[in-house]
Amino acid sequence: MQAVLGARNEQKAEHGRVDGGAGKAKPRKYRKSRKPLLNQRVSNLLSILAGALVIAASFNSFLLPNGIASGGISGVSVLLEHLYGFTPAYSQWALNIPLFLAGMLLLGRRFGLQTLFGSAILPLFVLLTANLGVPTENPLLASIYGGIGVGLGLGLVFRGRGSTGGTDLAAQILHRYTGLSLGLCVAIMDGLVIAAAGILLSPENALYALIGLFVTSKTIDIVQTGLAVSKVAFIISSRSDEIADVVLNDLDRGLTSLDAHGGYTGDARAVLMVVVSQNEVPELKRLVQGVDPDAFVIISHTAEVLGRGFKFEG
């Protein structure tokens, strides 16, 4: 008997420490490897550096020479350069410092430190790329290509979980203390800069700035979600089991069956949700119509799909 008990205690000891003779084994605590975390931090740092460099190059090549102040601290520095001849990099540093301190004070130390690196490195790159050539003096082309460059750079900074500070900090503060949505606060800040450009430079400059701001926002979306277009389909049919079978076996796509009830009849029915790539949509429609020509199918665009068969978040 003692031998049996001893063997059992040895087995428990292999899986964890016996807790005070109570017979409960505590699991071992495994230390997580620091290497993946370090690699992620290095990757984020490189992404922020690359993004800041692209923003600075686009600013000096397209926006600044053509007087396009498309929002943010960079837009304010364009105004100061054209009105008073202030060097944009120095203006950006000078404006970022009080905003950074306000962010530390009003939003918390952690939030402020997250923006410190981007707020410091972007003006440095603006200073280092100040002598780049000017590919075009056409303000329309400059607003489009400058917007693409800034959007690409900001997308890389955001993928690196960073921030360039500036009026984004001011928008966060406004959001915190007014209760307005963050998107509206960002729009207010950018709108004030663009309105100032329209008053101090010319209304035409403000119109070009709006184009640049629009292109920037769309480019950020592309960088964040990618170019791959996916569709989500909702299929309502009395023959949902047969449709599920052809989707799983012929289209080789997974699906989810959702319990639903008809709004008029109140009858229970299944709604099949299927996510497919854009080029699979015609085949999906063909398969569904082949099973049930009267099926009700809703197909809509989806911005991003993560998971098996599509892509995984890195």
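1. Where is the place of asparagine 131? Asparagine 131 sits in the loop between α5 (109-128) and α6 (139-159). Helices here are DSSP runs of H or I with at least four residues, strands are runs of E with at least two, and both are numbered from the N terminus. The residue counts as exposed because its relative accessibility is 79%; exposed means over 50% relative accessible area, buried under 20%, and partly exposed in between, with a 1.4 Å probe and protein chains only.

2. A word on the origin of the values is needed. This is a predicted model, in which local features need pLDDT of at least 70 and side-chain atom pairs count only at pLDDT 80 or more, while totals for chains, interfaces and linings use all residues. Residues are numbered from 1 along each chain as its sequence is written, and side-chain values use heavy atoms, with hydrogens and water left out.

3. Asparagine 131 and serine 61 are 70 residues apart in sequence, and their C-alpha atoms are 8.7 Å apart in space. Serine 61 belongs to helix α2 (residues 34-63). Is serine 61 buried or exposed? Serine 61 counts as buried, because its relative accessibility is 9%. When its neighbours within four places in sequence are left aside, serine 61 is in contact with Leu132, Gly133, Val134 and Pro135; contact means heavy atoms within 4.5 Å.

4. The next topic is the sheet. Four strands form an open sheet in the order β4-β5-β3-β6, with antiparallel pairing. The edge strands are β4 (256-261) and β6 (296-302), each of which pairs on one side only. From one strand to the next, the twist averages 25 degrees. Two strands are said to pair if DSSP finds at least two bridges between them.

5. Individual pairings can be followed residue by residue. β4 pairs with strand β5 (residues 268-277) in the antiparallel sense over six bridges. Across this pairing, histidine 261 has alanine 268 of β5 as its bridge partner, and leucine 258 stands opposite valine 271 in β5. The hairpin of β4 and β5 has six residues between the strands, and glycine 266 takes a positive phi near 80 degrees there. How many bridges join β3 to β5? Seven bridges join these antiparallel strands, and the partner of lysine 231 in β5 is valine 276.

6. Helix α10 (residues 240-251) lies across β3 (230-236) and β5, and runs at about 20 degrees to β5. Helix α11 (residues 281-291) packs on the sheet and touches β3, β5 and β6; its direction makes about 10 degrees with that of β3. For these angles, axes are lines fitted to C-alpha atoms, for helices over the stretch in contact, and angles run from 0 to 180 degrees between N-to-C directions.

7. The charged pairs deserve a separate point. A salt bridge is a side-chain nitrogen of Lys or Arg within 4 Å of a carboxyl oxygen of Asp or Glu, and by this rule the count comes to three. In one of them, glutamate 280 meets arginine 253 at 3.0 Å, N to O. Glutamate 280 lies in the loop between β5 and α11 and arginine 253 in the loop between α10 and β4, so the pair ties together parts that are 27 residues apart in sequence. Glutamate 280 is buried, with a relative accessible area of 17%, and arginine 253 is buried at 15%.

8. The other salt bridges are as follows. Glutamate 242 pairs with arginine 239, and the closest N and O atoms are 2.7 Å apart. Glutamate 242 is partly exposed at 40% relative accessible area, and arginine 239 is partly exposed at 35%. Glutamate 283 and arginine 286 meet at 2.6 Å, N to O; both lie in helix α11, three residues apart, about one turn of the helix.

9. The last point concerns the surface. Leu83, Tyr84, Phe86, Ile199 and Leu200 form a nonpolar patch with about 560 Å² of accessible area together. Patches are made of residues with over 30% relative accessible area and no salt bridge, where like charges are joined within 9 Å and nonpolar side chains (Val, Leu, Ile, Met, Phe, Trp, Tyr) within 5 Å. Accessible areas come from the Shrake-Rupley method with a 1.4 Å probe, and for residues only the protein chains shown count as cover. α3 (72-84) and α8 (182-200) each supply at least two residues of the patch. Isoleucine 199, found in helix α8, counts as exposed at 71% relative accessibility.
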